[in-house]
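Okay, hi everyone, let me put this one up on the screen. I'd like to talk about aromatic rings today.

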Amino acid sequence: MKFKFTHNNFNVLDLEKSLAFYKEALGFQEVRRIAPESGEFILVYLGDGATSHTLELTWLRDRSEPYNLGENEFHLALEVDDYESAHAHHQKMGCICYENEAMGIYFINDPDNYWLEILPSSMA
């Protein structure tokens with residue numbers, strides 16, 4: 001048997017706000033959407049345009065309270081070809097939530113407080 005990654009999932013409260021964030025912060029684009037007629041949920045899959053891995057954003061109609069992320073000890077990691085420009089862009093957006101200058105990495109957080117690690121290509 002051989003397994004391969006296909007996607008990760010984040011549940012979000014405000015789908016449009018999250019879509020705008022992922023487009024502005026990371027350049028992710030919608031590649032697929034599942035929205036049943038009942039309107040009880042919407043699944044949106046975002047792609048990076050370079051790999052087949054996607055990020056699934058799940059919006060649930062009846063959810064109104066923030067998701068409990070515990071101590072937020074999990075994250076997704078992304079490499080970037082121009083680390084300095086990415087850092088400046090995220091700094092301007094105000095979404096950098098943690099920096100480890102000694103390691104040469106930083107984290108941004110999305111509207112629901114999920115953490116995303118940003119790595120220079122040389123570290124990935």
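So, which residues form one aromatic cluster? That would be Phe10, Phe74 and Tyr114.

Quick housekeeping: this is a predicted model, where local features need pLDDT of at least 70, side-chain atom pairs count only at pLDDT 80 or more, and totals for chains, interfaces and linings use all residues. Residues are numbered from 1 along each chain as its sequence is written, and side-chain values use heavy atoms, with hydrogens and water left out.

Searching the whole structure turns up eight aromatic pairs. A pair here means Phe, Tyr or Trp rings (for Trp, the six-membered one) with centres within 6.5 Å; planes under 30 degrees apart are stacked, over 60 edge-to-face, and the rest tilted.

Take Phe10 and Tyr114: ring centres 3.9 Å apart, planes at 5 degrees, so they're stacked. Phe10 is in strand 1 (residues 7–12) and Tyr114 is in the loop between strand 7 (105–109) and strand 8 (115–120), so this pair ties together parts 104 residues apart in sequence. Strands, by the way, are DSSP runs of E, at least two residues, numbered from the N terminus. Phe10 is buried at 3% relative accessibility, and Tyr114 is buried too, at 5%. Buried means under 20% relative accessible area, with a 1.4 Å probe and protein chains only.

Now Phe21 and Tyr22: centres 5.2 Å apart, planes at 90 degrees, so that's edge-to-face. Phe21 is buried at 8%, and Tyr22 is buried at 0%.

Last thing, charges over rings, meaning NZ of Lys or CZ of Arg within 6 Å of the ring centre and within 35 degrees of the ring normal. Arg32's charged end sits over the Tyr45 ring, 4.2 Å from its centre, and Arg63's sits over the ring of Tyr67, at 3.9 Å from the centre.

Technical notes:
Helices (H or I, at least four residues) and strands (E, at least two) are DSSP runs, numbered from the N terminus. Buried means under 20% relative accessible area, exposed over 50%, partly exposed in between (1.4 Å probe, protein chains only).
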